[in-house]
Amino acid sequence: MAYEITRDYISFGNARSGEKLKEVKFIVSHSTGNPGSTAYANRNYFNNHQPYASAHTFIDDRYILEIIPLDEKAWHVLYSKPTDNRMFGADANDAAIGVELCYGGNINFTEAYNRYVWYHAYLCQKFNLDPSKHIVSHRTLDPERRTDPLDAFRLYGITWDGFISDVSRMLESSQSLKNRASQVPSTFLRLPLKIGDRGPFVKEVQEDLIRAGFPLPKYGADGIFGEETERAVMAFQKQYGLHIDGLVGRETLTKLTEVVKSKLYNEEFPLPNKVLKRGDTGEDVKMVQRALKHLNFDPKDIDGIYGKKTENAVRRFQSMYAALKDDGIYGPNTRKFMKMELQQK
Ligand SMILES: [Zn+2]
């Protein structure tokens, strides 16, 4: 084998039920929600926090780390999403392997990406899958909430199609599955994107501009970088204090990804910007309760009543951070740390 696979499974809990995966019909490609976190940092997080979420394998520049056995289920796509059923006749959690790319920070992207490509090819061989049919991005399955792994790819100029063809090539030369893969993918895009460019990568960027609040009323996300797109890019650059040149380079892409991500998660778990404490009631309290539950500090009832259980849940959350007072009162500091944790989930 070209790369070593490390099997270091997390303990049983919310993240690992031990339920058997009967058949592997496809692969869902992800990238971690927390750039800069390594494969082992993720393993530790899932092992210690045991959120109701997980994936089988985390890959960085040093490890291909399987944290859940491939014959067990992991929780990496919401059951309520219909696209996996439409495409594969099954829910991803019941019929797919979830693979996460770790990137950003000190992680060497090329090393991590080569392992990620190799591992997808390895899975295709092992489960007799076709890369062009049986690999799907999390973004495709859950477009309202997720952008991975395309958001990570694009920072390094890789398109989804480029990734699939890298996997296919790797699989075709079965030799490279045995020998250490040394070739650098040949599908790197040339950044910056600019007026006149076209293709799926342009379309992704346009979709994200729209999501970020910079509409393209005339042409929409048509995959063609025209004047309307250029104007939207410049408006985006202006709003976020970037150099205004209408070109989509690394800096603009990074910011765009960040803005879209924060919009997506803010919509998912909005947190009220006020002080709440025992005795308060209403929709704001419910928001806090929902977020606490998502972070595994379960307030038991999502009833909009800031009672003893909610106060205790807030206190348990606060006790995790030296910077927070464990007073059971939800305020700006607690909000800040909750937002940080939500972003990492
Ligand atoms: Zn994902």
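Colleague: Which residues do ring pairs link into a cluster?

Modeller: In this predicted model, ring pairs join Phe-109, Tyr-113, Tyr-116, Phe-153, Tyr-156, Trp-160 and Phe-163 into a cluster. Across the whole structure, a search finds 22 aromatic pairs.

Colleague: How is a pair of aromatic rings described?

Modeller: Two quantities are used: the distance of the centres and the angle of the planes. Take Phe-153 and Phe-163: their ring centres are 5.0 Å apart and their planes stand at 50°, so the pair is tilted. Planes have to be over 60 degrees apart to count as edge-to-face.

Colleague: Where do Phe-153 and Phe-163 lie?

Modeller: Phe-153 belongs to helix H7 (residues 150-155) and Phe-163 to helix H8 (residues 160-172), so the pair ties together parts that are 10 residues apart in sequence. Phe-153 is buried, at a relative accessible area of 0%. Phe-163 is buried too, with a relative accessible area of 0%.

Colleague: Are the rings of Phe-214 and Phe-236 stacked, tilted or edge-to-face?

Modeller: Edge-to-face, because their planes are at 80°, with the centres 5.4 Å apart. Phe-214 sits in the loop between helix H10 (200-211) and helix H11 (227-239), while Phe-236 is in helix H11, so this pair ties together parts that are 22 residues apart in sequence. Both Phe-214 and Phe-236 are buried.

Colleague: Which residue lies over the face of Phe-12?

Modeller: Arg-16 does, at 4.0 Å from the ring centre.

Colleague: Turning to the metal, what are the protein donors of the zinc ion?

Modeller: They are His-30 through ND1, His-138 through ND1 and Asp-148 through OD, at 2.0 to 2.1 Å from the zinc ion. Along the chain, the donors follow the spacing H-x107-H-x9-D. His-30 is in strand E2 (residues 26-31) and Asp-148 is in the loop between helix H6 (138-141) and H7, so these two tie together parts that are 118 residues apart in sequence.

Colleague: Are His-30 and Asp-148 buried or exposed?

Modeller: Both are buried. The strand that holds His-30 is mostly covered, with six of the six residues of E2 buried.

Colleague: How do the side chains of a regular strand alternate?

Modeller: They alternate between the two faces of the sheet. In E2, Phe-26, Val-28 and His-30 are on one side and Ile-27, Ser-29 and Ser-31 on the other, and all are buried.

Colleague: Which strands pair with E2, E5 among them?

Modeller: E2 pairs with strand E5 (residues 96-101) in the parallel sense over six bridges. In that pairing, Leu-101 of E5 is the bridge partner of Ser-31. E2 also pairs in the parallel sense with strand E6 (residues 135-137), over three bridges. There, Val-28 stands opposite Val-136 of E6.

Colleague: Why is E5 largely enclosed by the rest of the structure?

Modeller: Because six of its six residues are buried. Ala-96, Gly-98 and Glu-100 point one way from E5, and Ile-97, Val-99 and Leu-101 point the other way. Strand E3 (residues 57-59) pairs with E5 in the parallel sense over three bridges, and Ile-59 has Leu-101 as its bridge partner in E5.

Colleague: What does rolling a probe over the atoms show?

Modeller: With a probe the size of a water molecule, it shows where empty space is left. In this structure, the search finds two cavities of 30 Å³ or more.

Colleague: Which residues line the second largest cavity?

Modeller: The lining consists of Tyr-45, His-49, Leu-295, Phe-297, Phe-317, Met-320, Tyr-321 and Glu-341. The volume of the second largest cavity is about 50 Å³.

Methods
Residues are numbered from 1 along each chain as its sequence is written. This is a predicted model: local features need pLDDT of at least 70, side-chain atom pairs count only at pLDDT 80 or more; totals for chains, interfaces and linings use all residues. Side-chain values use heavy atoms; hydrogens and water are left out. Rings of Phe, Tyr and Trp (its six-membered ring) pair if their centres lie within 6.5 Å; planes under 30 degrees apart count as stacked, over 60 as edge-to-face and the rest as tilted. Helices (H or I, at least four residues) and strands (E, at least two) are DSSP runs, numbered from the N terminus. Buried means under 20% relative accessible area, exposed over 50%, partly exposed in between (1.4 Å probe, protein chains only). A charge sits over a ring if NZ of Lys or CZ of Arg is within 6 Å of the ring centre and within 35 degrees of the ring normal. Donors are N, O and S atoms within 2.8 Å of the metal (3.2 Å for Na, K and Ca); water is not among the atoms, so sites may look incomplete. Two strands pair if DSSP finds at least two bridges between them. On a 1 Å grid over the protein atoms alone, a cavity is a set of points where a 1.4 Å probe fits but cannot get out, and a pocket is an open set with protein on both sides within 12 Å along at least five of seven lines; lining residues have an atom within 4 Å of a point. Grid points are joined across faces, edges and corners, and a volume is the space filled by probe spheres set on the points.
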